[in-house]
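Here's a quick briefing to read with the model open beside you. Take a look at the structure first, then work through the notes by topic.

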Amino acid sequence: MTESEKIEVLVCLGTGCESAKSDLLYDKLAEQVKKKKLGDKVEITRIGCHGLCQQAPVIAIEPEGLFYCQVGDDDIAEIVTSHFIKGEPVERLYYESPEGERIPHYKDIPFYSKQHRVVLKNSGHIDPGSIDDYLAVGGYKGLERALKEMSPEEVVDEVLNSGLRGRGGAGFPAGLKWKLGRNAPGHKKYAICNADEGDPGAFMDGSILVADPHSVLEGLSICAYAIGADEAYVYVRHEYPAAVASLKKALKDSYEREFWGESILGSKFSLQIHLMEGAGAFVCGEETALMASIEGRRGMPRPRPPFPTESGLWGKPTVINNVKSLANASVILREGWEWFKSIGTEGSPGTAIFSLTGKVRNTGLVEVPMGATLRNIIFDVGGGVKEDRTFKAVQTGGPAGGCLPAEKLDLPVDFDSLREAGAIMGSGGMIVMDETTCMVDVARYFLSFTQQESCGKCTPCRMGTLQMLRILDKIREGRGEDGDIEKLLELCDTVVNGSLCGLGQNAPNPVLTTIEYFRDEYEAHVKDNTCPAMVCKELVKFVIDPEKCTACGACKRICPTGAAQGKKDVIHHIQQDLCIKCGACYEVCPPKADAVMKIPAHSELAREIGGAK
Amino acid sequence: MATIFIDGRKIEFEEKGKTILDVARESGIYIPTLCDHDELESHGGCRMCIVEVEGMRGFPPACTTAAKDGMEVKTATDNLMTLKRNIMQLLLMEHPSACMVCAEQEGCNKYRPDPYKAGRVTGCTTCPNRYTCQLREVVEFLGIKDLDYLPGYKEIDVEREDPFFDRDYNLCILCARCIRVCDDVRGTSAITFVKRGHETRVDTSFGVSHIDSGCWFCGACIDVCPTGSLKPRMTKWTGAPDSVEESTCVLCSMGCQTQFTIKWERVMGSEPGALESAPNHGHMCVLGRFCIPSLVNAPDRIKSPHLRKEGDSVPVSWEEALGEVSRLLKEASPERVGFLGSPQMSSESAYVFHKLARAGVKSPNVDFQGSDFPALIHKELAVDQDFARIRELDYLKEVDWIISVGGDFVKDHQVVAKKVYKEVRQGKPLIVIGDAGANLHRWSTVHVSVQGKDIQKLLINLAEHSKKIPGTSYTQAQQLVEITGKGKGAVLVGPRILESIEPGLSLRALVRLAGVDGALFPLFPLGNEAGVIKAGLRPEMLPGPASITVKEAKALLEKAWGGGNLSDGLHLVEMRQKAQKGELDMLYIADGSISPEGFEKIPTIIYQSPYPSEWSDMASVILPSTTFVEESGTFINLELKPLKMKPIAKAPGTARQDWQIFAELGRLIGTDGFDHQTSEDIWEELSHFTRSIEVGGQKRRASWKPASKEKNDWYPRYRGAVIPERIEDLATFIKALPRRDTPLSDETLDELVKRVQKEHASRAKEVVS
Ligand SMILES: Cc1cc2nc3c(=O)[nH]c(=O)nc-3n(C[C@H](O)[C@H](O)[C@H](O)COP(=O)(O)O)c2cc1C
Ligand code: SF4
Ligand code: SF4
Ligand code: SF4
Ligand code: SF4
Ligand code: FES
């Protein structure tokens, strides 16, 4: 049997799959393969995130490119006997399209076929623990080319020409940053890879580090060479143990192969790389706070200028780039800037990576060319809104990003267009919301995160977000007054303009965009005391329609406070002063009765039904 | 010269490292600030100083933005003022702000009523900072008259558990000045921000007490705080002082320029003088900052002269007491009388005391406690060029490295430590030989814990650039040689250098090591050692100081004093030995801090001090003298700079200045030359005598002993008053020092967190069981 005929089984151990216990699948597979003595026919490899987390845990079979979804513990035996021994793939585990069609190859699944994978190309296809796997797909060719064929200035120019913009949020041209770093006076310089990724719900950087760590390290070495740094740091979240482990292994392997250390690849260039685990505050992702943290101080931002390229770590010129920016840099050096520039838009070349979550059918890691529309991402790749509900809004850019409404679905996704619409690229979170979402509630949710994560250094951010939160609570609870929305807008202005760092400057975005695009919802809360999405507890009531109640008693049994009352064969009702609006009765009432209703608390109907005790 | 336009005004300035705020201030343009402080690096947190700069995005803070040529800056556009007002409103949400918007403000400012304590919530008269609130200044500038938001106070308990000062973080505006001064200026890092979001507050790491966090109670944090959050307990509620006077603290040899707040003719509080004011430049230590009022206002101060009559010491008039003393002195046989002065008296007083002994009584037996160390310094540096190495502390800036020998200067010279840390922070190597507490462990580049006798060999070899250095590892030795081999050094030398077998050789080695352009800072532990040595209060010395063996000096003095006993006499240890043998008839002692052990057999003791001590019970005559805040005179600090002590408070009872008592006695005895009217007269007379010392020859007389009762080599006293025995907070602090100063383990943060968690868990278990 030759090597090429070997069945390669790729078990995904990305975040989504791992939490679906894919590690057990791996063990079980290994055990079965061993038991059935298939060792030289089947090779099992752990991979980083394959992308389609919705279907976790997933297994890919190469070289055919078959794809098993939602693999259970008890499916393993069948896969081994039927597929590996008899050569008959288990068709019932193939991906099922919304139309009910089974699709065997992942490349035919729209989620994948509609993407354009540059940075995520290797993710889910190579063994991240094997440097040879990375080398086999052209890894470290970019670094080699830089060191052997190019001067540092030429490397800077290459990145400059590529038009690459920083993927950490602000979209600052990476080449320009490198140029500033290169030209900064001084012998001692640092390069830093920002792998803090503190946004809740974002896991792109972590996934890349787990699935393809060398691509990032390669980019970091290239960056250091270009700017003339002899020391570099990778600042990674402590809460990403898998990423830390993966980085450690990759650092060890790449050091042994002389991709960093003394005289890299026989050149005159030497580089020390340190791994630094961050304590996990969101604000530590901000570049100046991150550097303070490396220096052993509390992670608090400081005003810029001076920018890090002028005075960064320990006061020395420093270039700090995001994980994805660096991974892109390796590709650019390998494939050339012209190639890179041909992808994406004029202003934002290359691809955009999102972690697509929320009420969307296919959640997962998504990479599309810049300029793809929100519709492309949410509907073509993401498969549309779950349970065929209506799309209401999409939040991009993490907790400090903005919410865009359906009218903006055809907005091309790139740094400038998003910014213009009030949202941001941020670190690449994308959360889809449907009609059951209340926009006031959503704004409050995101703001409460930034409020808690404010480092406390400057007043507008520390106190302004708190005051905004108080007003939002007031509105949610039906205590809103005329002028509250204006007050909110004024506070937004104070916080945006008065805050020191990007956290405060962007924290009001969710509020600003929801007011801009969904002002009527705010006004409904304030003026009519209603929550149109029926989410805000204080503004809804649960009542039982006496016409429909079958007196089954389900609501009475589940109600935690005894508000749902009734007797056998007697129509039930809800005693409003006891109801805490947990909605358990609403969920539990059998569909055929469908007697519990959620209605606006201050409506005519509420007075009619709910009012009568 | 570069040009900048601020609010349309054209201003020329030097571009070097200046911020917009610097330039604005220099030209008298006011930009409100809260987190900025002259001594601290800019922070950019309060946002009060934001400005608009043509061509720059957003609103950069003036305090962090470098002023550049051609910049156009606006400081007070409508936009900016609204933004600032809105930010201030947010700040006032938490800050008790009744006093900012109070209708009675005008009258209140004018008449400054004494506090009547209202509830904490209203925050009006509960704030001890009312008269100098920097927050209110900015509020007034912004024209805020009413609050926009419902207040939501923090409701944090006031922290009162630690010594000396209370912390009421309800008033804190999180400007981080305290944190920055403690970290960046004092090098202690006792406090930090904890928590996040609106719960952010100032605290110690892990919430331990200040004592355990490594705080030195230097008070620097209090002095930079713009609000009333931090206040010394003692002076918190004394209200506005009648006056503020600047004078010198004498509790160590730094001689800090101190602002004393005076009310009812008493010292109510002490704060460091202005930032510009040398030598301490706005900083002090725990003694000067917190202990002076309790010390000088002590109720047990001696208030009138006492004579022992039929075994009891009874108050008498000055006339009677001095008459008796002059009679005793006249009748005594000079060789059998001892004179012990104090290193905490003024130089003038020491001089008149010396003159009284040698010229009046004709006794050469003069000394003071701790005189060995200043004498050693003078003798070993007798050559002018060597002596010139004692310089001003600011010279630390000029040297390439610093070495400390003979004591942990962080403990006994906190202000010197502050100056050293400034250099260390900029990367200047610090070598520590001997004692080192937590700060020195952190600051030192190399620390060799060699003690006592071995120091000598170490220093001599080091001066020879030999790598054979006792008590060091190979790499340490290499480092030592490398550091000291380059450029010029500064030597901080403490009295434990006397533990060397030949202290002179150790000191000379240090002088050679520092180089011709190097510096030497003798860290006298007690106070005015340098001044009292200038008065020559040693048996083998004369004023100047001069050696009795130097003929010209002797002749000059003979002429000035019209004779006197200018030969060698008994020093302190010899006086004690003679006393034990019954060969000393009389002792005139002006320092209650000397142990009376061995002196019990002396028939006649004259005790002169502001404070009672064990000597009071032995004395035939007690003469009350003043403390340093009640007398005029000169204090010579460790830089050998003369500093003035001023009578700024009223002495209790009829206490007199030391020199006045000595001069009166001189007149009563009938000796010429005691008609001094002012301390300035005396200073002038003393200034005629110049340094004229014979080189070397200091013998080891007694072993150098730590002054402590509790194995602590820092146990501050003042003329018989044991300060920690009088001030409980100081005792608590000193007691904690050995525990804190045990070297930090090399436990990593992770391990530490684990250990602390474990301890908490086991404590929780104990509570449960
Ligand atoms: C509150 C806050 C959090 C941030 N977190 C991250 C982060 O987790 N990862 C990241 O790469 N950049 C983060 N940034 C952006 C960085 O400050 C910085 O712009 C980025 O690392 C630069 O890299 P790039 O040019 O490659 O984008 C954050 C910024 C702010 C204001
Ligand atoms: S904006 Fe917020 S996170 Fe940023 S420095 Fe200010 S308080 Fe800290
Ligand atoms: S008293 Fe001094 S050492 Fe203590 S916290 Fe304040 S500044 Fe730091
Ligand atoms: S205690 Fe004072 S100095 Fe410290 S942060 Fe608060 S207001 Fe500022
Ligand atoms: S350092 Fe010395 S002079 Fe200064 S306050 Fe302290 S004791 Fe007084
Ligand atoms: S003084 Fe500039 S931000 Fe506080």
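Let's start inside chain B: B:Arg160 and B:Asp166 form a salt bridge, with their closest N and O atoms 3.6 Å apart (a salt bridge is a side-chain nitrogen of Lys or Arg within 4 Å of a carboxyl oxygen of Asp or Glu). B:Asp166 counts as buried because its relative accessible area is 3% (buried is under 20%, exposed over 50%, partly exposed in between, using a 1.4 Å probe and protein chains only).

This is a predicted model, so local features need pLDDT of at least 70 and side-chain atom pairs count only at pLDDT 80 or more, while totals for chains, interfaces and linings use all residues. Residues are numbered from 1 along each chain as its sequence is written, chains are lettered from A and ligands numbered from 1 in the order in which they are written, and side-chain values use heavy atoms, leaving out hydrogens and water.

**Salt bridges**

- Over all chains, the structure holds 78 salt bridges.
- In chain A, A:Lys392 pairs with A:Glu521 at 2.8 Å, N to O; these two sit 129 residues apart, in strand 13 (residues 391-396) and helix 21 (residues 509-528) respectively.
- Helices (H or I, at least four residues) and strands (E, at least two) are DSSP runs, numbered from the N terminus.
- Both A:Lys392 and A:Glu521 are buried.
- Helix 21 of chain A also carries A:Arg519, whose partner A:Glu486 is in helix 19 (residues 484-498), 33 residues apart from it.
- The closest N and O atoms of A:Arg519 and A:Glu486 are 2.8 Å apart.
- A:Arg519 is partly exposed at 27% relative accessible area, and A:Glu486 is partly exposed too, at 43%.
- One network, joined by salt bridges that share partners, takes in A:Lys359, A:Glu387, A:Arg389, A:Asp434 and A:Glu435.

**Where chain B meets chain A**

- On the chain B side 28 residues are in contact with 30 residues of chain A (contact means heavy atoms within 4.5 Å).
- About 2600 Å² is buried between the two chains, with carbon and sulfur atoms giving 59% of that (buried area is the accessible area, by a 1.4 Å probe, that two parts lose on being put together, summed over both).
- B:Leu90, B:Arg196 and B:His198 lose the most area in chain B, together 22% of what that side buries.
- Two chains, 2 salt bridges between them: one of the pairs in a salt bridge is A:Glu453 with B:Arg196, at 3.2 Å, N to O.

**Around the ligands**

- Ligand 2 has 13 residues around it, and A:Cys455, A:Lys457, A:Cys458, A:Cys461 and A:Cys501 come nearest (a residue is near if one of its heavy atoms lies within 4 Å).
- The shell of ligand 2 has 8 nonpolar, 4 polar and 1 charged residues.
- For these classes, Ala, Val, Leu, Ile, Met, Phe, Trp, Tyr, Cys and Pro count as nonpolar, Asp, Glu, Lys and Arg as charged, and the others, Gly among them, as polar.
- Residues around ligand 3 include B:Cys182, B:Cys215, B:Cys218 and B:Cys221, and its shell has 9 nonpolar, 2 polar and no charged residues.
- Around ligand 5 you'll find, among others, B:Cys249, B:Cys252, B:Cys256 and B:Cys285.

**B:Pro522**

- B:Pro522 lies in strand 20 (residues 519-522) of chain B and counts as buried because its relative accessibility is 0%.
- Beyond four places in sequence, B:Pro522 is in contact with B:Phe373, B:Ile377, B:Ile390, B:Val493 and B:Leu638.
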